[in-house]
Amino acid sequence: EALDALWGGPETLVVISTDLSHYLAYADAQQSDRATARRIVSLDAVPLGSDQACGAAPLNGLLATARRRGLTVRELALCNSGDTAGDRSRVVGYGAFGLYEEVRA
């Protein structure tokens, strides 16, 4: 409801921020985050849980809005703190996704 109230035209930019997995070993985080990313990109209707994204509630709201509005999703980046900070024993997953409205001519 909040997103629908704020939705404008092409000038509107909505940012939802959340980490993905938390404190898994590097390879386990990669596997978990890859599965989560596939669900985001496919606009999977089954809600994500807090073990997949700590901000699952706002992310699920955005995905529901995206499905309702016919948006497409593109994965822009997927990595974890082991890629950026070095320690791979307990990492936090990060993803960036763009959601786009179809451009009508």
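## Close-up views of a predicted model

Asp 33 is buried, with a relative accessibility of 2%; buried means under 20% relative accessible area, exposed means over 50%, and partly exposed lies in between (1.4 Å probe, protein chains only). The model is predicted: local features need pLDDT of at least 70, side-chain atom pairs count only at pLDDT 80 or more, and totals for chains, interfaces and linings use all residues. Residues are numbered from 1 along each chain as its sequence is written, and side-chain values use heavy atoms, with hydrogens and water left out. Asp 33 belongs to helix H2, which spans residues 26-41. Helices (H or I, at least four residues) and strands (E, at least two) are DSSP runs, numbered from the N terminus. With neighbours within four places in sequence left aside, Asp 33 is in contact with Leu 20, Ser 21, Leu 78, Cys 79, Gly 93 and Tyr 94, where contact means heavy atoms within 4.5 Å. Asp 33 and Cys 79 are 46 residues apart in sequence, while their C-alpha atoms are 8.3 Å apart in space.

**The largest nonpolar core.** Eleven residues form this core: Trp 7, Leu 20, Ile 40, Leu 43, Leu 48, Ala 53, Leu 59, Leu 63, Ala 66, Leu 71 and Val 73. Its largest share, three residues, is supplied by helix H3 (residues 56-69). A nonpolar core is a set of buried Ala, Val, Leu, Ile, Met, Phe, Trp, Tyr and Cys residues joined through side-chain atoms within 4.5 Å.

Leu 43 is buried at 14% relative accessibility, whereas Ala 45 is exposed at 53%. The phi angle of Leu 43 is positive, about 55 degrees, although Leu 43 is not a glycine. Most residues other than glycine have a negative phi. Between Ala 45 and Ala 64 there are 7.3 Å from C-alpha to C-alpha, with the two residues 19 apart in sequence.

A disulfide is a pair of cysteine sulfur atoms within 2.5 Å, and a search of the whole structure finds zero. For Cys 54, the nearest cysteine sulfur is that of Cys 79, 15 Å away. Cys 79 is likewise in no disulfide, and its nearest cysteine sulfur is that of Cys 54. Cys 54 is partly exposed, at a relative accessible area of 47%. Cys 79 is also partly exposed, at 28%.

Strand E1 (residues 22-24) runs antiparallel to strand E3 (residues 91-100), with two bridges between them. Two strands pair if DSSP finds at least two bridges between them. His 22 has Val 92 as its bridge partner in E3. Strand E2 (residues 72-80) also runs antiparallel to E3, with eight bridges joining them; here Thr 72 is partnered by Tyr 100 of E3. In a regular strand the side chains alternate between the two faces of the sheet. Within E1 lies Tyr 23. Tyr 23 has a positive phi of about 60 degrees and is not a glycine. Its relative accessible area of 48% makes Tyr 23 partly exposed.

**Ser 81 in helix H4.** Helix H4 covers residues 81-84 and includes Ser 81. Ser 81 is buried, with 12% relative accessibility. Apart from its neighbours within four places in sequence, Ser 81 is in contact with Gly 86, Arg 90, Val 91, Val 92 and Tyr 94.

**The largest pocket.** This pocket has a volume of about 640 Å³. On a 1 Å grid over the protein atoms alone, a pocket is an open set of points where a 1.4 Å probe fits, with protein on both sides within 12 Å along at least five of seven lines; lining residues have an atom within 4 Å of a point. Grid points are joined across faces, edges and corners, and a volume is the space filled by probe spheres set on the points. The lining has 22 residues, and those nearest the centre are Leu 13, Val 14, Phe 97, Gly 98 and Leu 99. E3 gives the largest share of the lining, six residues. H3 and E3 each contribute at least two residues.
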